[in-house]
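Please work through the exercises below with the sequence and the 3D structure open beside the text. Each exercise has a task sentence, followed by a solution in steps.

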Amino acid sequence: MSDEKEESTRPVCMHRRDVLKAGAVVSGSAVIYPHLSSAQSSAGGVNVAYPKLKIAPIKGLVEGEGVSFNYPLNEQPNVLLKLGRPAQGGIGPDFDIVAFSVLCPHMGGSLRGRYQHDTAAMGPCPFHFSTFDLARGGVPVHASATQNLPQVKLETDGKDIFAVGINGLVYGYRDNLTDGTLPEGAEVIGEVQESRGTLRG
Amino acid sequence: MTKDISRRDLIMAARSPSIDYAVYEESSNQVPIPPANAEVHTSACDYCIVGCGYKAYTWPVDEAGGSNADDNAFHRDFPVVAGRGQWVSPNMHNIVKRDGKLHHVVVIADGETAVNREGNHSVRGGKLAQKLYNPNKPTADRLQTPMLRVNDSMLPISWDDATTIVAELSRYAIDKNGPNAFGMRYYSYQYWENTYALSKLIYNDIGTAIGAEHDKPTGTNDAVGLDDSGVDGFSTSYADFKEADVIFMSGFDPYENHTILFTEWIAPGGAKIIFVNPRKSPTAVHAERNDGLHLQVQPNTDTVLNNAIQRYILEQGWEDAEWISRMTASSEEILMEKPGKHWRRRTFGQDFEAHKAWLLSDDQYTLENAEKTTWVPKEKIIRAAEMMAKPRGKTRPKTTVMLEKGNYWSFNYPASASLSSLGLLVGAGSRPGQNMSRAGGHQRGGMKLKGYPLSKSWVESKHGKEGEPAPMPVNFDQYAMSGKLGVCYILGTTWLDSMNAAQAIRLKLGELTRKHPIQADSLVVAEYIDTLKKRIDAGGMFLVQQDIYPNTLTDFADIILPAATWGEADFTRAQGERRLRMYSRISDAPGEAKPDWWTIAQIGKKMGYEGWDFEEANDIFEKASEKSKGGHYDFSKVVEVARSQGKKAHEFLREMSTTGIQLPARIVNGELTGTLRLHDETFPDDEKDTAPKIVYQFKTASGKAIFMKGDWNLVKDTFEKFRPKGDEMWVSNGRINHIWQSMFDGTRQPFVKQRYPSNFLMINPADAERLKIESGDLVAVENDKVLDQLGNEARGVLSLVAYVTDEVGVGVTYTYAFYPGQSADNVVPAVTDPITGVYNYKIGKGRIRRMGETPLKKVEGTMSFIPRTVG
């Protein structure tokens, strides 16, 4: 998509570069890219900042009922769930509050509304049946996907739940922070180091 | 001393408490995409028979593609839209060397191919990029240089020394004890150039009768009963499955390991599925949710089920009488088959009337008796017969019948013969929507100069027609274990852990090799050879391993020959609808690894055989086309056309990209043309002069299909003897969708290892409760009497992680067949089929016992225990 096209439809579109150059308050999550080649990784990991986004208060969450939100970009839909069982990455008093992308990392089928509360499974995907275990980091139960369902990293101040990062590449993207717009209310935080790699377009 | 508190510590302290993630490294949040000028290499998947088309993009590490369609090699804007492919997940990217220089590589499903349209891919093929060698990744342990065991150390040696040692010891053993002193186990599938070379060496040049393909103890075919009926195992086109009303799947689980055949061709076609499998796998769930049927058969009783369905169809008069009278052989036509070579057809072949009379006279196949033997309720047997054969007004349902290893890896002959006869009964010949086919395992990568020499075997079946020979191939494992094999050459296949009585083979092999009293202590070639000659003379063995990774065999090997594989050299082969494609070189092979054809050629030359002057893979490909003429993989016209255009055949095929051409290749009106299906009664008359006869006839002497008698009596006593008794349970085994084969790649892929960090034992909740077993527990399987290949009985044991799930029924457990180091075959006796000599891999059993817990039981574990029936 061209910049002109983006301008016309996405008035607050941000490219990674813009995100990187945005505010420098307190450091947020640090994401290290482990897959760089030796030549690149010898130059050091690439730290990038994710926006911090308030999703919902802990209090109103109902077990098994999802809260939809977009993160880290406006075009990337996720669901917040209270599983009613401890989960990897789970927060809250029962370690059971998690959030995941609802785009199947196989071919982008929508998993919205496909959470099965009795097993904490997400799926099957309407496209090709991929199904994921939300209590165990989104590992596939069985799937054609070649990565886990991306899990949104959460934090809480005891009252509200915030999204602060994401574990895994969101379907369709080459970079979770590129080619989209930031959601309203997202606070860009982090002292960031511009990439020395060559992976940015 | 005050400790410095870093900013990172502060960040961590501010984070909310949570249960940590199981995967230590955080997943990738970005991936490089190829720039518009990236090099593109056509290929297809390395793994299952479906053979999806893939393209690899390589570009220098200091360049990058961008989000705009003009700035990347896919010519797509990013983010890409759902359902269209060409999204690159982090597992589709790697860093490799190409021509000695670091490159990015992305391997993605090709949306332009005829197989996996729109870029659909399986979990296995989707990760092909991870297969390519990268010393910073778990592929670092690739075999890279020839190595020799001296003083019990594996030491690097030169290729020249290595090929001299193998050639001279082979020559010595053959000259002294005859060709059968040399034996080879080899893959049947890993590319035409390689299988042509190895078949030339062992069957043409040496002439041994001691040969076996990767998944068998012998040199026989797979679904022998199907072959005997005259139906080629791969006679269909995938588009045919979309035309079917009903698909009967016997021991074939398409979601599990033919994923794209299922998600791209079978499920969207909407055919109702009759799924015959002891396990309620995701395909069974799909079948039941879509008006299909799951016949949860007791392991090994498919023969009775197939015959019971046939009998009920015959009782109702629902057989496809018109088609049968036109297309199946009479008793006179069956006797046109050659004695000896086709002894099974002459013994078990029968015309329709005889077949009908036999089934109606044998009460083992009544609904009531079949229910008792197979555990399938008679109502479901009736329903299956109705779905497959009951006329709907003036038309019949279009029924396709398929089988795979769940069928023919039980009692090979009666199971596959009863299945093929069921197919013929419902008119599943070869026409759109009405086919009979194997589903397949590996791709069709066997292009042999010469096949297994049955005429040289001394083994006879006792079930042949009186007064006629009934030759069977020699059991490789039995022969090797008996100490008669001087040189044992294992090429590209996991021998140990994949054959029945796996622990007995392992123990015996140790005695013959690494634990043999005669061991080498010199790297001087002549001295080494002298020592090993003495071992051979003393009844020991010289063990050659040619492979890409070390595996359980490496513990015993005397010499290692490193191989180059998929993506590292140019190769060709066909997939499950006979589609021939080019598998292009993408990256450099590690170290000194060489394509197998090259290694075999060096050894062939040094042994003094003629015709080994191949300089490149294309030379073998073009030579092999001569042998292919008239057969199902006839590609001679591809070579002819390439030559007429002044091109090498490999280059010409490369231009045909991921779609390639369906064989046999023909010239129609001056154009190179593929062939949709074999035995095709809709094949145009005016093209018959362009095609081998099998294109429009069945593969029999008369050209008509033959009803084969799949008789339960052949194996009933064996079944009774080996079935579980008392507190034993069935321990069945097979595939699962994340893992390919012996997990040689999956072991080196963290994404696979997190899902299945251990082999598992699926056990029904009712059995688990009785045995006080929970998911994540460590359990033992013990079978006190595992019959081995030499007729001895010994205990076989296995330990695994329990997976409590309704995927298996009461009394039946299920494991992955080939998990490295935890082989299901440890508890499977060496029971062979009395007609074909193929192992029964499904006849495992044992007592199950809880041993304790594994760390996987905790929520921090990576292995999901959600029953796979949820999806």
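## Exercise 1: the overall build of chain B

Buried residues make up 62% of the 871 residues in chain B, where a residue is buried if 20 or more other C-beta atoms, placed from the backbone, lie within 10 Å of its own, exposed if 12 or fewer do, and partly exposed in between. This is a predicted model, in which local features need pLDDT of at least 70 and side-chain atom pairs count only at pLDDT 80 or more, while totals for chains, interfaces and linings use all residues. Residues are numbered from 1 along each chain as its sequence is written, and chains are lettered from A and ligands numbered from 1 in the order in which they are written.

Task: find how the radius of gyration of chain B stands against that of a compact globule.

Solution. Begin with the extent: the C-alpha trace of chain B spans about 90 × 70 × 65 Å along its principal axes. Next take the rule for a globule, which is 2.2 Å times the number of residues to the power 0.38, with the radius of gyration taken over C-alpha atoms. For 871 residues the rule gives a value near 29 Å, and chain B, with 27 Å, agrees with it. Finally, consider contacts, which require C-beta atoms, placed from the backbone, within 7 Å: among those in chain B between residues at least 6 apart in sequence, 75% join residues at least 24 apart.

## Exercise 2: a buried strand

Solution. First place the strand among the 27 helices and 32 strands of chain B; helices (H or I, at least four residues) and strands (E, at least two) are DSSP runs, numbered from the N terminus.

## Exercise 3: the nonpolar core

Task: which residues have the most contacts inside the largest nonpolar core?

Solution. A nonpolar core is a set of buried Ala, Val, Leu, Ile, Met, Phe, Trp, Tyr and Cys residues joined through C-beta atoms within 7 Å. The largest one has 306 residues, and those with the most contacts inside it are Ile247(B), Ile274(B), Val487(B) and Val544(B). Helix 3 (residues 192-206) of chain B gives the most to this core, with eight residues. Leaving aside residues up to four places away in sequence, Ile247(B) touches Phe241(B), Ile266(B), Ala271(B), Ile273(B), Thr400(B) and Met402(B).

## Exercise 4: where the two chains meet

Task: how many residues of chain A are in contact with chain B?

Solution. The count is 63 residues of chain A, in contact with 68 residues of chain B. Strand 9 of chain A gives the most to the side of chain A that touches chain B, with four residues.

How values were computed: Two residues are in contact if their C-beta atoms, placed from the backbone, lie within 7 Å.
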